[in-house]
Amino acid sequence: MGLARRSKPIDGTIPVVALLYSDEELNASQDGVGIYDGPIKSPDHQSGVIHLTSHRLIFVSDTQPEKFSFSIDLADIRQTEYYAGLFTSSAKVTLVFDNAQAAASRTSVEDDDWGGWTCHVCDNRNPPGTKSRLCALCGVPKSVDSSPRTTTPVPAVASPALATRSKSCPACTFINHPSMRECEICGTPLPSASSSTPAPSLPSAPPPTTSAPDSNIVKISFRKSGDKPFYAALKRALTAKRWDVTRMPSGAVPPLRENQSGINSLLNTLAETSSSRTTHLQAALGDLEALRLRANDMVRVATEVSERLKSANAPPVDTTGLALPDNSIGSAPTTEAESELISSLSSLALTTLKATPVTQDMIKDEEKWMQELARELASVLQGDNSSQRGGLMKARGIIALDEVWGTWNRARGVALLPPSTLLSTVPLLPAHTNPKIRSRQFASGLKVLHTPHYSTPSFKTRLDDYLWELGDGEAVSDPDREAEAEESLPRPRAMTVTEIAAKEQVTIALTQGMIEEIEAEGGILRDDVSSCALTAGQGIGWGAEVRWWPNVVLLYSWDGHE
């Protein structure tokens, strides 16, 4: 009957938990049940406990558990029906099985899950004791078509009249037309109509019995209630189909088994790596966000403490409502504690200004705000005269504007300013600096701030002194002339950018920019010896640095005209 074909015997004396597969879970249990094989009661299974797992139905007999216990795969169940019972009839759950799956389950023990199964793609022999429908080597789902099937051909039903008139070939048994004398298939002579005997009629199909449709049905009878919760759990298990795909919580990665390899193992490894990377990144971002919040609190507390320390010595309040000191540095600390606190704030990179950095929300008037920014920038560049604290340009006469912007923002702490604000503040510097600091842009595009000592006329004067030298005593003198005792006249000489930068104590890039300005005015000449004509494969000044000469042509008198 159907129960024998679809059930698998188990040892009921073993605890149910020990019978579960590695990926199987126990969902429900109910005692006091009986089993019907089709419409007939199964005499050996009328008292026992039914267990529902994520993969199977397990029946454990109360009378002889080691002999009459069995299990049924949920994957073989096509549909279920529920009967609530009436009067003395108990509630029943009907399990309807699929004929195709029943045929596949009867093929051989070789493809049974208890003995393992062979993958139809990679021919891998999957180990027994697992209900996973995925191949452990390639990850391809188990296919019913991979199991050999035995099919019984259904003979064609022929009418008695056709069988009487037709001629059957004695060689190939092909049914020929009565008028044919030779077989249409093999050409064998056919017996004559007089000598031929009527072909025997094919046996008719046996009449249907009541047990034929019931062979795909197994009923579970509940004698002690509990049918509704069990049926609900059964419906959930059939919907989940845990035997095909093992569902994991969101974001979780299924653990790798020791025998797992191949494509499935690579996919699981990639998923585990991606999940671990995502988890670590989220944790790092969480720590960064917490640090940012704590940093904001630290800045707020430091600002409040600094304001309280300066409130006692604050200068008069102007019309804008902002207390501003006489200079951008602010009043000096009055006590040792205040000095130590300000030093601590500076070491924490919260601010290196003694006064609170000026922000736009402190001064509503934009013009006054720019003036205060220029005063603050002047203090950064030239320092505090009262405390003899040096500034950025205290010992430097020229500096690139990008360095100024970085140093100013470093001094302001968290109250950063964009480059556009710096460019708007620079033209206001001459009114707040002594000596006056101005800005200019080189031909290369580099913008600099400089003192009057490094203005173009001042640098040109010094450069002329570098490029002209007095006679060294070896100058040629005519003994017949009275100028023998006279001092020889100055003569020009060439210098490289490196030599000029060493004399000016300025970087080569800034020196190059200033020299190119003098060259554009015609004050000096370029001697690019590396561009000379080739001699023996190399230039005359191959690898040499560009040299600069004074422009003596400007001082030469041409026919009495300069």
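Start with strand β6, residues 70-73, where both faces are covered. Phe70 and Ile72 on one side are buried, and so are Ser71 and Asp73 on the other. Buried means under 20% relative accessible area, exposed means over 50%, and partly exposed is in between, with a 1.4 Å probe and protein chains only. Strands here are DSSP runs of E of at least two residues, helices are runs of H or I of at least four, and both are numbered from the N terminus.

Before going on, this is a predicted model: local features need pLDDT of at least 70, side-chain atom pairs count only at pLDDT 80 or more, and totals for chains, interfaces and linings use all residues. Residues are numbered from 1 along each chain as its sequence is written, and side-chain values use heavy atoms, with hydrogens and water left out.

Which strands pair with β6? Strand β1, residues 7-9, pairs with β6 in the antiparallel sense over three bridges, and Ser7 stands opposite Ile72. Strand β5, residues 56-61, is also antiparallel to β6, over four bridges, with Arg56 opposite Asp73. Two strands pair if DSSP finds at least two bridges between them.

Now the aromatic rings. Rings of Phe, Tyr and Trp (its six-membered ring) pair if their centres lie within 6.5 Å; planes under 30 degrees apart are stacked, over 60 edge-to-face, and the rest tilted. By this rule there are three aromatic pairs. One of them is Tyr82 with Tyr231, stacked, at 5.2 Å centre to centre with 25 degrees between the planes. This pair links distant parts of the chain: Tyr82 is in strand β7 (77-83), Tyr231 is in helix α6 (227-240), and they are 149 residues apart. Are these two buried or exposed? Tyr82 is partly exposed at a relative accessible area of 31%, while Tyr231 is buried at 16%. Another pair, Phe222 and Phe230, is tilted, with 5.5 Å between centres and 55 degrees between planes. Both Phe222 and Phe230 are buried.

An open sheet of three strands has the order β19-β23-β20, with antiparallel pairing. Its edge strands are β19 (495-496) and β20 (524-527), each pairing on one side only. Two bridges join β19 to β23, residues 547-550, and Thr496 stands opposite Arg547. Helix α12, residues 456-467, lies across β19, β20 and β23, at about 95 degrees to β23. Helix α14 packs on the sheet too, touching β20 and β23, and its direction makes about 115 degrees with that of β20. Axes are lines fitted to C-alpha atoms, for helices over the stretch in contact, and angles run from 0 to 180 degrees between N-to-C directions.

What is the angle between α13 and α14? Helix α13 (497-504) and helix α14 (508-520) pack at about 105 degrees, with axes 9 Å apart. That makes α13 roughly perpendicular to α14; angles under 35 degrees count as roughly parallel, over 145 as roughly antiparallel, 65 to 115 as roughly perpendicular and the rest as oblique. Val497, Thr498, Ile500 and Ala501 of α13 make the contact with Ile508, Thr511, Gln512 and Ile515 of α14, where contact means heavy atoms within 4.5 Å.

Last, the whole chain. There are 14 helices and 23 strands, and buried residues make up 35% of the 562 residues.
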